[in-house]
Amino acid sequence: MKKHAITIAGGGSTFTPGIVLMLLEHLDTFPIHTIKFYDNDKERQETVAEACRILLKERAPEMTFVSTVDPEEAFSDIDFVMAHIRVGKYKMREQDEKIPLRHGVLGQETCGPGGMAYGMRSIGPVLELVDYMERYSPNAWMLNYSNPAAIVAEATRRLRPHSKVLNICDMPIGIEELMASILGLASRKEMVVKYYGLNHFGWWYDIRDKEGNDLLPTLRAHVAEHGYVTADKSKQHADDSWNDTFAKAKDVQHIDPETLPNTYLKYYFFPDDVVAHSNPDHTRANEVMEGREKFVFGECQSIIDKGTAADTALHIDEHASYIVDLAKAIAYNTKERMLLIVENNGAIPNMDPEAMVEIPCLVGSTGPEPLTVGHIPQFQKGLMEQQVSVEKLVVEAWVEGSYQKLWQALTLSRTVPSVTIAKALLDDLIEANKEFWPTLS
Ligand code: NAD
Ligand code: G6P
Ligand code: MN
């Protein structure tokens, strides 16, 4: 089996140690000879890198490890880029969440105005990573899960149409793990799912076991009572606020008796509820800074201080093994069936062929082969067309430097009640994002 070289872009991410441990766990089926970290924040990355250097020396001494802020060093001689950057870091996530709340609009990392603001920050730097990869390793593939994935995917579709970039999200996988637990199955891989939508905006419409038995009715009965809450708690999505989101699926699913919803739909269906339950002075960004970030950086520092990772509490992100599944699908042409964010191109015939949709694909060495979904119901079509237009307008606003188009994007979002509020919000977001956005006129 060919051994691979991987660059993790966003080396200073809170998810990096979990990904490294996950890669180590899968070396027998996906061998790696080199792991490189790349970030544009040297100091932040160095803490994670120093800890991972110690850990790798102990657990995989033959591995070459590089940590760098130099693009040429980071992107040369590699096979895959796993990209998880957060442009503006948690400080700007906090702004994305708090500015809309000041206008009575929900504040969320990827949905509504916060997601659009984050999108306007992410497009340029993600394209920059794509360009580095193509310059220094033209045969490599980028597996991108930097958010907001919907807007980033539309930007790569439009601006780098021939690049080898795959955009993917872990939320359907996370929810499918909960579904497996609800059903008493050992793994989500015992289910074959049909799903369509946009990123953070979709529905399962058929879920079966390997024998073809329909599992949807049992799941719907559970979700009608408990949402996706089940005894086996998700490891990644374990905080109380996530539990509330999983519980809320109970209300989200009532509007459509044929499907099961992605949890993110709560932000579009119950924006008033979400605002009412938000603390404008303490949002998810604060929870993450006080929780995951503190834990990961604390553990890394402790590895550095002790000089060993033997007793570290850093844990493997087993759920993130979908990233290895995706890399393997490309590397070994496995044709694994996976949900990816791809150009519609007729898979949903009654939707814009140029929309980026999240649908099942067979993945092989030439990339994803999207499977046909067929016509979708008017309810979902209406919602998706509106949201796709929001995402396209954000990318157009970024490309053209257009104030008007971003104002239109904000106005079109189901989360924003009026043109007036959209404008006031936009003016505040421009001020907060001066350092990151193109100038809008
Ligand atoms: P984080 O802030 O801890 O890490 C992000 C890192 O990216 C930081 O070290 C930062 O310095 C770096 N960075 C920012 N701009 C950069 C640039 N231009 N070039 C290189 N590096 C840059 O964030 P996190 O909470 O660990 O999340 C990382 C990303 O992964 C976010 O975008 C998050 O939304 C995303 N994510 C996506 C999924 C998914 O389902 N698609 C799941 C989990 C996390
Ligand atoms: C899910 C989504 C990601 C998102 C993350 C936020 O995993 O699929 O796209 O980034 O949740 O989680 P957090 O713990 O940072 O709020
Ligand atoms: Mn996601």
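The chat below walks through a predicted model, its two ligands and some of its residues.

Trainee: Before we start, what kind of model is this?

Mentor: It is a predicted model, so please keep in mind that what we discuss is computed from that prediction.

Trainee: OK, which residues surround ligand 2?

Mentor: The shell around ligand 2 consists of Glu 109, Thr 110, Asn 147, Cys 169, Asp 170, Met 171, Gly 174, Arg 284 and Val 288. Two elements, helix 7 (171-183) and helix 12 (284-306), each give two or more residues to that shell.

Trainee: And how does that shell split by class?

Mentor: The shell around ligand 2 has three nonpolar, three polar and three charged residues.

Trainee: What about ligand 1, how many residues surround that one?

Mentor: Ligand 1 is surrounded by 25 residues, and the closest of them are Gly 10, Gly 12, Ser 13, Pro 125 and Asn 147. Here the elements that contribute two or more residues are helix 2 (42-59) and helix 4 (89-102), while by class the shell holds 10 nonpolar, nine polar and six charged residues.

Trainee: Asn 147 keeps coming up. Where is it found?

Mentor: Asn 147 sits in the loop between strand 5 and helix 6, and beyond its neighbours up to four places away in sequence it touches Glu 109, Thr 110 and Tyr 118. Glu 109 and Thr 110 are also listed in the shell around ligand 2.

Trainee: Is Asn 147 buried or exposed?

Mentor: Asn 147 counts as buried, because it has 23 C-beta neighbours inside 10 Å and the cut-off for buried is 20 or more.

Trainee: What is the peptide bond from Asn 147 to Pro 148 like?

Mentor: That peptide bond is cis, with omega near -10°, and Pro 148 itself lies in the loop between strand 5 (141-144) and helix 6 (149-159).

Trainee: Which residues does the UniProt "binding site" annotation cover?

Mentor: According to the UniProt record, which is an unreviewed entry, the "binding site" annotation covers Arg 93, Asn 147 and Arg 284.

Trainee: Then where is Arg 284, and why does it count as buried?

Mentor: Arg 284 has its place in helix 12, and it counts as buried because 21 C-beta neighbours lie inside 10 Å. Leaving aside neighbours within four places in sequence, Arg 284 is in contact with Glu 97, Glu 109 and Ser 241.

Trainee: Back to helix 7. How far apart are its end C-alpha atoms?

Mentor: They are 18 Å apart, which agrees with the 18 Å that the 13 residues of helix 7 should span at 1.5 Å a residue.

Trainee: Which residues of helix 7 are buried, and what covers them?

Mentor: The buried residues of helix 7 are Pro 172, Gly 174, Ile 175, Glu 176, Glu 177, Leu 178, Met 179 and Ile 182. Their cover includes strand 7 (191-198), strand 8 (201-209), helix 8 (216-226), helix 9 (240-252) and strand 10 (336-343).

Trainee: Which residues other than glycine have a positive phi?

Mentor: Lys 89 is one of them, with phi near 50°, and His 200 is another, with phi near 55°. Lys 89 lies in helix 4, whereas His 200 lies in the loop between strand 7 and strand 8.

Trainee: Are those two buried or exposed?

Mentor: Lys 89 is partly exposed, because it has 16 other C-beta atoms within 10 Å, whereas His 200 counts as buried, with 26 C-beta neighbours inside 10 Å.

Trainee: New topic: which residues touch the most other members in the largest nonpolar core?

Mentor: That core has 128 residues, and the ones that touch the most other members are Val 81, Ala 83, Leu 143, Leu 326, Val 357 and Val 394. Helix 5 (residues 112-136) gives the most to this core, with 10 residues.

Trainee: Take Val 394, what does it touch?

Mentor: Not counting residues up to four places away in sequence, Val 394 touches Met 116, Gly 119, Met 120, Ile 151, Leu 406 and Ala 409.

Trainee: Last one: what does UniProt annotate over residues 195-416?

Mentor: The unreviewed UniProt entry carries the annotation "domain: Glycosyl hydrolase family 4 C-terminal" for residues 195-416. Over those residues the chain is 46% helix and 16% strand, and the end C-alpha atoms are 27 Å apart.

Notes
Residues numbered from 1 in each chain as written. Chains lettered and ligands numbered in written order. Predicted model: local features only at pLDDT ≥ 70, side-chain atom pairs only at ≥ 80, totals over all residues. Near = placed C-beta within 6 Å. Helix = DSSP H or I, 4+ residues; strand = E, 2+ residues; numbered from the N terminus. Nonpolar A, V, L, I, M, F, W, Y, C, P; charged D, E, K, R; others polar. UniProt positions renumbered as here; feature names shortened; annotations may be inferred. Core = buried A, V, L, I, M, F, W, Y, C linked by C-beta atoms within 7 Å. Buried ≥ 20, exposed ≤ 12 C-beta atoms within 10 Å, placed from the backbone. Contact = placed C-beta atoms within 7 Å. Expected span 1.5 Å × (residues − 1).
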